[in-house]
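Biologist: Could you walk me through this protein model, one question at a time?

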Amino acid sequence: MIPWINSDVPQISKAVLHEIGRGQHIDVSDGLNMAGRKDIYDIHDGLLSIFFPGVWSRECIEKGDVDFYITCSLRRISHKLVHIVRDMLLHHSRCNEGQEEEADRCYERASQLCRQFIAALPQIRRVLVSDIETAYSGDPAAVSRDEILLSYPFVEAVATYRLAHELYELKIPIVPRILSERAHSNTGIDIHPGAQIGDGFFIDHGTGVVIGETCRIGKNVKIYQGVTLGATSPFDESGTPRRGVKRHPDVGDNVIIYANAVILGGDTVIGENSIIGGNAWVTEPVPPNSVVFERNKTEMRQRRY
Ligand SMILES: CC(=O)OC[C@H](N)C(=O)O
């Protein structure tokens, strides 16, 4: 018997309860159940395994069973997702004073949003194949597409990003960030769901990559470990960082960004076909077809393909 447990714990429980009751900033009074995060993880796993059944699924799946597997999984995921999104919408409305919505309305809206999300899955899957294709054609270390799919961390990070982006575009609260931060923990690659990323995107090695919310990235872009596409956070008069403004760079088609380059700012545009060298620090626009090989020094050159 540990004596302090009996004497101290009831009092400390009361004090914790008191802090919860103060409801400052984080409102748990409506019982937003964070066990829900496990349900979202389950949906995340389920969606990835639908994209690549028998590869990312826990189950071994025979060719003849794929159809059945996808239909059953998708039905299960759709049900679960509608309930989670309903809870999130309800919670979100309660956090905004005077805008509380009825549960039934949230349920209806959740159902519509999830329908749109599920309808987008075939297209997301198609784009994901283009990402793997860019990896295969761009990385001589990759022996096969299967090797990339089974072992490269960027596949999970980018697949998750593409799912999370769809949810973000539908303005579903919190769920997109839970997905992307889970992939961030698993892979070391941090892609905000708000970023816009074109087809054929490849992150080689991946560790430490950060891609900010308002980035726009073109097609067939390749980046290496440690690259930051970050913000020069603008502040308002009171010194508070301004939300909802364009603060991360744009990257044109066919750009390659080597390891640990840092590219910052909402007005920073990397023109198409450019190469940004390792450790470059870029805070100004770079014209198309440039090579940036050290701090802000650019050189025009003809790209070879
Ligand atoms: C990627 C990055 O610079 O993030 C900084 C901050 N979270 C923002 O979004 O502005």
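What follows is a set of questions and answers about the fold, a helix pair and some charged side chains.

Modeller: Before we start, this is a predicted model, in which local features need pLDDT of at least 70, side-chain atom pairs count only at pLDDT 80 or more, and totals for chains, interfaces and linings use all residues. Residues are numbered from 1 along each chain as its sequence is written, and side-chain values use heavy atoms, with hydrogens and water left out.

Biologist: Thanks! How many helices and strands does the protein chain have?

Modeller: Helices (H or I, at least four residues) and strands (E, at least two) are DSSP runs, numbered from the N terminus. The C-alpha trace they belong to spans about 70 × 60 × 50 Å along its principal axes. Going through the protein chain gives eight helices and 15 strands.

Biologist: What percentage of the 305 residues of the protein chain count as buried?

Modeller: Buried means under 20% relative accessible area, exposed over 50%, and partly exposed in between (1.4 Å probe, protein chains only). Pro10 in helix α1 (residues 3-22) is partly exposed, because its relative accessible area is 47%. Of the 305 residues of the protein chain, the buried share is 43%.

Biologist: How do the axes of helix α7 and helix α8 run, roughly parallel or roughly antiparallel?

Modeller: Two packed helices are described by the angle between their axes and the distance between the axes. Axes are lines fitted to C-alpha atoms, for helices over the stretch in contact, with angles from 0 to 180 degrees between N-to-C directions; under 35 degrees counts as roughly parallel, over 145 as roughly antiparallel, 65 to 115 as roughly perpendicular and the rest as oblique. The axes of α7 (residues 153-169) and α8 (residues 175-187) come within 8 Å and cross at roughly 170°. That makes the pair roughly antiparallel.

Biologist: Which residue does Arg182 meet in a salt bridge?

Modeller: Side chains of opposite charge can pair when their charged atoms come close. The rule for a salt bridge is a side-chain nitrogen of Lys or Arg within 4 Å of a carboxyl oxygen of Asp or Glu. Arg182 is in helix α8 and its partner in helix α2, so the pair ties together parts that are 137 residues apart in sequence. At 3.0 Å, N to O, the partner is Asp45.

Biologist: And Lys80, which residue does its side chain meet at 3.5 Å?

Modeller: Lys80 sits in helix α3 (residues 66-95) and its partner in helix α2 (residues 36-51), 41 residues apart. At 25% relative accessibility, Lys80 counts as partly exposed. The salt bridge, 3.5 Å from N to O, is with Asp39.

Biologist: Which side chain of opposite charge is nearest to Asp204?

Modeller: Lys and Arg count as positive and Asp and Glu as negative, while His and the chain ends are not counted. Asp204 lies in strand β3 (residues 202-204), and its contacts beyond four places in sequence include Tyr152 and Ile223. Asp204 is buried yet has no salt bridge, and at 5.9 Å the nearest side chain of opposite charge is Lys222.

Technical notes:
Contact means heavy atoms within 4.5 Å.
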